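Colleague: I have not looked at this structure before. Could you take me through how to read it?

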Amino acid sequence: MKNRFAHFWRSVKLPLLAFTLAILSGGLLIAFSDPKVIALWKSPGKLLSEGFLVAIKAYEALFQGSIFDMNLTHKRFINGFYPLSETFTVAAPLILTALSVTLAFRAGLFNIGAQGQFIFGAIGASYVGFHFSLPPVIHILAAIAFALVLSGLWGGLVGLLKARTGAHEVIVTIMLNYVASYFLLWLLSTTTFLRKGRQDPIAPEVQENAQLPRLAGDSFRVNFAIIIALLVAWGIAVLLKRTTWGFQFRAVGANTLAAKTAGMSVPFVMTSVMVICGALAGLGGAVQILGSEHALTAGAAGSFGFDAITVALLGRAQPVGTVLAAILFAALRAGGLTMQANTTTPIDIVLVIQALVVLFIAAPTLVRAVFRLKNVKTTSDMTAKGWNG
Amino acid sequence: MSVELRAITKTFGALVANDAISLRVEDGEIHAILGENGAGKSTLMNILYGLLQPDSGEISVDNKSVTINAPSDALAVGIGMVHQHFMLIPVFTVAENIVLGHEKTKSLGTLDLSQARAEIARISKEFNFDVDPDAVVETLPVGIQQRVEVIRALMYNAKVLILDEPTAVLTPQETDELLTVMKRLKSQGTSIIFITHKLREVQAVADRITIIRRGKVVGTALPSATQEELATQMVGRPVVLALNKKHPAPGRSLLAIKDLTVTDNRGVELVKNINLEVRAGEIVAVAGVQGNGQTELARAILNLEPHCRGEIQIDGENILGRSVSDAIHSGVAFVPESRELDGLISSFSISENLILDVFDKEPYGKKLAMFPSVVRSEAEKRIQEFDIRTQSVTDPVSSLSGGNKQKVVLARELSRPVKVVVASQPTRGLDVGSIEFVHERMIAERDAGRGVLLFSTELDEVFALADRIAVMYKGEIIDIVPATISRSDLGLLMAGVKQVKA
């Protein structure tokens with residue numbers, strides 16, 4: 001037990017320290033980008049205390065916007081948790097999309113294409129959602145199933161190209177992301193997808209029966225998607241640990257030559273892993289539409305597919321880590337909006353913090369030097385694997 | 001020139017690589033340092049050459065204490081070294097490589113090689129080296145490349161030459177030539193420190209032998225000592241060098257290779273029209289100098305080579321052109337040439353490595369499900385049976401020593417139904433104890449009625465194990481001979497010289 005704890009601590013130490021460093025340097029940035037603070041440059045003492053206050057205020061707003069907000073509790077205490085509901089609403093699709101990147105990492109592939117796969121999932125779910133009228137539950141299942149098929153094929157295409165022709169998945173997925181984005185734009189201009197009476201690219205709202213049920217009443221957006229995401233994360237952990245497929249994925253990811261020599265079929269692994277990865281990101285797109293957005297728009301995918309890469313890195317390509325990292329990033333994103341509204345700090349600072357987290361994770365020597373540590377487990381081998389594929 | 005090392009100690013963390021080692025090399029002697037892999041020989045020599053600094057102890061040259069902080073200091077006092085892995089730039093010529101770091105220039109700053117060229121030619125002639133100063137290094141055979149290293153050391157006036165495992169990369173002929181060169185250098189007054197674990201070579205050239213085990217000097221010996229005595233000191237327990245091998249009783253044909261040709265992506269033939277048969281209960285060794293198509297032949301039997309023609313029958317059934325998995329499950333056990341590269345997955349646990357090619361077969365897995373508890377309990381049995389020294393089967397395989405890694409490979413390959421064992425260089429880089437284990441296991445497989453196809457570049461191994469020897473040269477099997485052939489005749493065959501039988 002003690003051993004397991006030590007192991008757990010070793011693997012979370014670096015992400016935790018990297019996050020701390022990012023928050024600290026983010027704080028400096030918030031303080032010194034505020035004109036009020038800069039105006040005090042003549043008296044260093046005031047400058048420091050004012051700067052400190054500004055940073056604390058910004059982070060307080062970040063917390064209020066992501067977890068709990070006292071100001072919302074004057075009617076009912078429970079309303080104060082509205083921000084937490086927002087965090088989990090954002091977290092659900094992010095968890096699923098990041099799991100797609102994580103699984104690909106484990107099989108030695110670098111899936112940059114989660115964005116495109118997300119889009120195809122969203123298209124599939126949206127189409128079945130608004131075009132058909134089906135009974136409750138069945139409608140949701142049908143919409144998700146179609147989303148999985150579309151995005152699975154889209155992802156599988158990458159695996160097939162790689163297995164058959166050796167085309168590098170990084171290049172292929174980057175290009176396919178463009179194809180997916182523009183395909184979505186075109187689709188939204190067709191009569192099937194364009195909402196009646198609208199000129200801007202927005203599809204009809206999915207029918208009531210196809211919407212994922214909310215978990216905590218109508219005043220909170222948090223919905224069934226987060227449960228799906230957590231179940232799928234658990235499923236991926238089981239897949240990797242306790243199934244013959246997962247064993248092959250990990251083997252090919254860790255040493256393709258040895259896997260081949262042991263009789264595993266590398267083309268099969270590459271194709272099937274990319275089908276599953278595509279379906280995972282696509283499921284993210286599906287729950288985004290069915291759970292919170294309800295209508296497909298040109299910007300439905302936001303930056304989920306790219307944030308997913310960051311989240312998977314921060315989660316060290318482990319399902320549990322990915323879930324935790326996704327919730328953290330979702331909190332930053334939800335809180336960023338409130339921070340921008342309540343203080344003068346722009347939401348972009350959240351992006352800077354996210355970027356710094358990744359920077360510090362990718363530069364473990366730096367973190368080690370700052371905190372004077374030895375033996376921090378690094379992720380560099382993982383990322384290097386992804387590119388060598 | 002004489003060199004003396006006194007009480008050299010070097011530790012790496014908890015590991016004591018050199019524990020108060022003292023030794024003296026006299027003027028004009030060949031002093032062999034004998035020890036297993038990991039005994040601390042290379043560490044000691046790297047200290048003498050200035051690549052590592054000792055924790056304590058001192059070095060003296062001609063009875064004067066010296067400090068060696070860098071290879072340049074070593075060269076300055078007359079110590080040169082030829083590394084196991086050559087420090088040459090492949091696309092440079094011999095002369096360019098030799099002047100590297102000591103370039104002389106003409107007035108306008110252009111490189112002046114004429115002096116170096118003349119000097120190389122002189123040394124080459126003096127020692128009968130046959131090295132062309134203008135040859136590009138990558139076009140030269142390994143044996144000649146090694147001489148380039150020797151010439152470099154001599155040009156910087158090395159009076160003591162350290163040779164670190166110089167024969168590991170050489171063919172038997174090249175080895176013999178190197179031994180002759182060493183004697184000639186000695187007769188010209190150069191002292192040589194000869195690092196090796198090969199007993200025969202030590203006996204052939206050494207004047208004195210220092211034996212190192214686990215970082216300590218455990219004794220000195222004269223070359224008149226028997227191989228058994230030397231091996232016993234080196235390993236620390238009695239070693240049986242001659243294997244106890246029963247007369248072969250070959251049965252039916254288990255592996256039949258017919259007209260097999262293997263080509264690479266560009267269509268170049270790496271294996272040419274090979275016919276070879278391995279019967280039940282015999283060991284056929286494929287001898288040959290590294291790089292004559294043995295690797296490709298071994299991989300072809302497992303369907304790992306994509307471009308093949310011909311037929312490979314396992315117990316009468318053709319498997320060529322089918323999947324790797326088909327080859328494995330038709331009864332081929334495969335010990336690949338490189339454990340690290342394609343034999344094991346270093347980041348996986350020992351228990352996972354033990355099921356790499358049977359993970360989806362019962363009792364380990366069934367369809368999609370795997371049974372980790374069975375995997376673990378079966379692994380416990382394997383580490384008992386194959387004497388794999390580890391704390392836990394869940395440790396990563398990378399934590400094991402070379403010998404134990406190879407035992408993991410053997411344990412995996414020999415613990416499923418097997419008809420033919422294909423072993424590529426199965427003892428490369430192993431210590432004597434592990435070599436013994438592997439050899440005994442190969443013979444046990446033979447005696448249990450399996451066919452063993454052994455690929456080896458070590459003549460000692462070929463002679464110790466083989467019932468028949470197939471010699472490969474430039475992708476062809478140029479002869480199949482009984483194991484009673486003489487060492488020198490086999491050496492000639494490996495060099496491509498086929499005698500006309502009277």
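Modeller: Start with confidence, as this is a predicted model. The mean pLDDT of chain A is 90, and 95% of its residues score at least 70. Over residues 376–389 of chain A, however, the pLDDT is below 50. That stretch has 25 contacts in the model beyond near neighbours in sequence.

Colleague: What radius of gyration would a compact globule of 389 residues have, and what does chain A have?

Modeller: A compact globule with 389 residues would have a radius of gyration near 21 Å; chain A has 22 Å, so the value agrees. Along the principal axes, the C-alpha atoms of chain A fill a box of roughly 65 × 60 × 40 Å. Of the 389 residues in chain A, 49% are buried. Among contacts in chain A with a separation of 6 or more, 74% join residues 24 or more positions apart.

Colleague: How many helices and strands are there in chain A?

Modeller: Chain A has 16 helices and two strands.

Colleague: How do I read a pair of packed helices?

Modeller: Two packed helices are described by the angle between their axes and by the distance between the axes. In chain A, take helix α9 (residues 244–254) and helix α11 (residues 266–293): they pack at about 110 degrees, with axes 10 Å apart. An angle of 65 to 115 degrees counts as roughly perpendicular, so α9(A) and α11(A) are roughly perpendicular to each other. On the α9(A) side the contact is made by A:Gln248, A:Phe249 and A:Val252, and on the α11(A) side by A:Val266, A:Val269 and A:Val273.

Colleague: How many residues of chain A are in contact with chain B?

Modeller: In chain A, 14 residues are in contact with 22 residues of chain B. Helices α9 and α10 (256–261) of chain A each supply at least two residues of the side that touches chain B. The largest share of that side, five residues, comes from α9(A).

Colleague: Into which domains is chain B divided?

Modeller: Chain B has domain 1 (3–235), domain 2 (242–331 + 417–502) and domain 3 (343–415). The C-alpha centres of domain 1 and domain 3 of chain B lie 40 Å apart.

Colleague: Is B:Pro417 buried or exposed?

Modeller: The test is a count of other C-beta atoms within 10 Å, with 12 or fewer meaning exposed. B:Pro417 has 8, so B:Pro417 is exposed. B:Pro417 is found in the loop between α14 (402–414) and β19 (420–424) of chain B. Its C-alpha atom is 8.6 Å from that of B:Val332, although the two residues are 85 apart along the chain.

Note on methods:
Residues are numbered from 1 along each chain as its sequence is written. Chains are lettered from A and ligands numbered from 1 in the order in which they are written. This is a predicted model: local features need pLDDT of at least 70, side-chain atom pairs count only at pLDDT 80 or more; totals for chains, interfaces and linings use all residues. Helices (H or I, at least four residues) and strands (E, at least two) are DSSP runs, numbered from the N terminus. A residue is buried if 20 or more other C-beta atoms lie within 10 Å of its own, exposed if 12 or fewer, and partly exposed in between; C-beta atoms are placed from the backbone. The radius of gyration is taken over C-alpha atoms; the globule rule is 2.2 Å times the number of residues to the power 0.38. Two residues are in contact if their C-beta atoms, placed from the backbone, lie within 7 Å. pLDDT is the predictor's confidence in each residue, from 0 to 100. Domain bounds come from an automatic or database domain assignment. Axes are lines fitted to C-alpha atoms, for helices over the stretch in contact, and angles run from 0 to 180 degrees between N-to-C directions. Angles under 35 degrees count as roughly parallel, over 145 as roughly antiparallel, 65 to 115 as roughly perpendicular and the rest as oblique.
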